[in-house]
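Grab a pencil and let's work through a few exercises together. Have a look at the picture first, then try each task before reading its solution.

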Amino acid sequence: MSDLQTINTPFTKILGCRFPIIAAPMFLVSNESIVSAASNAGAIGGAPSLNWRSAELFDQAVQKIKSQTSNPFAINLIVNKSNLRLDEDLAVVVKHKVPMVITSLGNPKNVIEQVHAYGGKVFCDVVDLKYALKVQEQGCDGVIAVSSGAGGHAGPISPLVLLPYLRKNLKIPIVAAGGIATGKQILAALVLGADAVQIGTRFICSTEASVNEDYKKAIIEADPEDIVMTRRISGTPAAVIKTPYIEKIGLDLNPIEKFLRNSPLTSKYMKLLRVVLGTKSLESAAEKPTWKTVWSAGQGVGLINNVLPTKTLVENLVNEYWEARNAL
């Protein structure tokens with residue numbers, strides 16, 4: 001058991017963890033080792049179900065995580081129609097009674113009902129108040145407030161506004177996400193109204209992360225100004241590191257694709273095609289060096305300068321939090 005002082009919030013009370021920190025579920029990055037190491041350190045380790053190429057492999061991964069930690073962990077489910085595996089993956093979640101589920105990009109109602117049936121908790125990604133109120137009404141246990149500065153599908157609103165705005169209007173716990181890489185920022189997020197934080201980019205630079213060393217080096221060398229928003233990956237604006245390849249392909253969809261996405265006859269198919277093509281680009285860049293470099297990252301890159309074990313990262317974040325709080 002770590003001798004670090006516990007940080008108590010409504011989030012830690014609901015989840016039964018020591019620290020209000022989620023190691024974010026990141027596509028192609030999060031794996032069994034990061035999840036179990038973060039959870040064993042007193043945080044919540046998270047991973048997307050789609051990081052495994054089939055529901056069977058996902059099932060095996062959850063079994064492995066449970067064998068490596070007895071602490072709570074999280075699985076992210078994409079709940080819109082682009083995820084053709086949702087029903088299968090949800091069945092795995094229910095089978096293993098995953099303690100926490102994070103939903104993204106769709107209607108979480110069915111997930112909430114099935115996870116609550118076994119006593120699990122459901123938090124939903126939100127970028128605005130309208131959707132946050134909707135999922136609160138559906139019975140979710142909390143929201144992940146994805147603000148500007150986040151990696152991947154970042155929200156448009158500054159965390160300085162989004163967190164107190166949601167706090168004023170919601171009755172459920174709020175998790176701050178976007179640009180957080182230090183313990184001092186965790187304190188700031190809690191002061192603004194959050195009950196926990198979700199940290200992604202900092203954990204890409206962990207020794208356990210399933211990405212090539214070029215990706216980690218790019219994060220360490222990048223500045224916040226190097227993070228750009230592109231629609232060329234999934235059709236929805238996503239934050240990535242600016243590379244020669246990103247500059248070559250541009251940040252927006254071409255006019256023909258825009259037209260086909262807006263047509264009732266072809267919209268569904270074009271959206272699915274863009275997700276498939278974008279996923280292949282991310283897979284190639286994460287797994288091996290390639291000139292087609294697409295590296296997802298948030299503005300927190302400017303605060304990251306080394307690669308450390310996940311356990312050490314959690315401990316450093318907690319120590320920094322208490323140092324900042326005690327300095328007040």
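**Two helices side by side**

Helix H4 (residues 86-96) passes helix H5 (residues 109-117) in a right-handed crossing, meaning the near helix is turned clockwise from the far one by less than a right angle. Helices (H or I, at least four residues) and strands (E, at least two) are DSSP runs, numbered from the N terminus. A quick note: this is a predicted model, where local features need pLDDT of at least 70, side-chain atom pairs count only at pLDDT 80 or more, and totals for chains, interfaces and linings use all residues. Residues are numbered from 1 along each chain as its sequence is written, and side-chain values use heavy atoms, with hydrogens and water left out.

**Exercise 1.** Work out how H4 and H5 are oriented to each other.

- Step one: their axes (lines fitted to C-alpha atoms over the stretch in contact, with angles from 0 to 180 degrees between N-to-C directions) come within 10 Å and cross at roughly 20 degrees.
- Step two: angles under 35 degrees count as roughly parallel, so H4 and H5 are roughly parallel to each other.

**Exercise 2.** Find which residues of H4 and H5 meet.

- Leu 90, Val 93 and Val 94 in H4 touch Asn 110, Val 111, Gln 114 and Val 115 in H5 (contact: heavy atoms within 4.5 Å).

**Exercise 3.** Are the residues of strand S7 (residues 174-177) buried or exposed?

- Step one: buried means under 20% relative accessible area, exposed over 50%, partly exposed in between (1.4 Å probe, protein chains only).
- Step two: Ile 174 and Ala 176 on one side, and Val 175 and Ala 177 on the other, are all buried.

How values were computed. Angles under 35 degrees count as roughly parallel, over 145 as roughly antiparallel, 65 to 115 as roughly perpendicular and the rest as oblique.
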